[in-house]
Amino acid sequence: MLGDVEPHQVIQRYLADENSKDIAESLGISRSGLNAWLLRMCQDDWQEAQVARAITRKEQAENALEAAPDPLALA
């Protein structure tokens, strides 16, 4: 099904902050199918990309907490 798709291009889209749901839909598969395919094709690179995104999201959350002007903004 994804024979002509380059897994590393998919990972680059993910690292460019594209949602995995949107990537999967553009390829005509489910999000779970995309994850399974990436794990099968390039497990280490896919896991590294997921860790990188998680770290970025954590940093963004920390920045938002630090920049909150008042308790309501924190909520």
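Is R53 buried or exposed? In this predicted model, R53 has a relative accessibility of 16% and therefore counts as buried, where buried means under 20% relative accessible area, exposed over 50% and partly exposed in between, with a 1.4 Å probe and protein chains only.

**View 1. The whole protein, with its four helices and zero strands.** Helices (H or I, at least four residues) and strands (E, at least two) are DSSP runs, numbered from the N terminus, and along the sequence they follow the pattern α-α-α-α. The C-alpha trace spans about 50 × 25 × 15 Å along the principal axes. The radius of gyration is 16 Å, whereas a compact globule of 75 residues would have one near 11 Å; the radius is taken over C-alpha atoms, and the globule rule is 2.2 Å times the number of residues to the power 0.38. Of the 75 residues, 21% are buried.

View 2. When neighbours within four places in sequence are left aside, R53 is in contact with Y14, L15, D17 and E18, contact meaning heavy atoms within 4.5 Å. One of these partners, D17, follows α1 and has a positive phi, near 75 degrees.

**View 3. S20 in helix α2, which covers residues 20-27.** With a relative accessibility of 13%, S20 counts as buried. Leaving aside neighbours within four places in sequence, the contacts of S20 are with Y14, R31 and L34.

**View 4. The two faces of helix α1, residues 7-15.** The buried residues in this helix are P7, V10, I11 and Y14. Seen down the axis of α1, these buried residues fall within an arc of 100 degrees, so they line one face of the helix; the arc is that of the directions from the helix axis to the C-beta atoms. The buried residues of α1 pack against α2 and α3, while the face turned away from the buried side carries the exposed residues Q9 and Q12.

**Notes to the views.** Residues are numbered from 1 along each chain as its sequence is written. Local features need pLDDT of at least 70 and side-chain atom pairs count only at pLDDT 80 or more, whereas totals for chains, interfaces and linings use all residues, and side-chain values use heavy atoms, with hydrogens and water left out.
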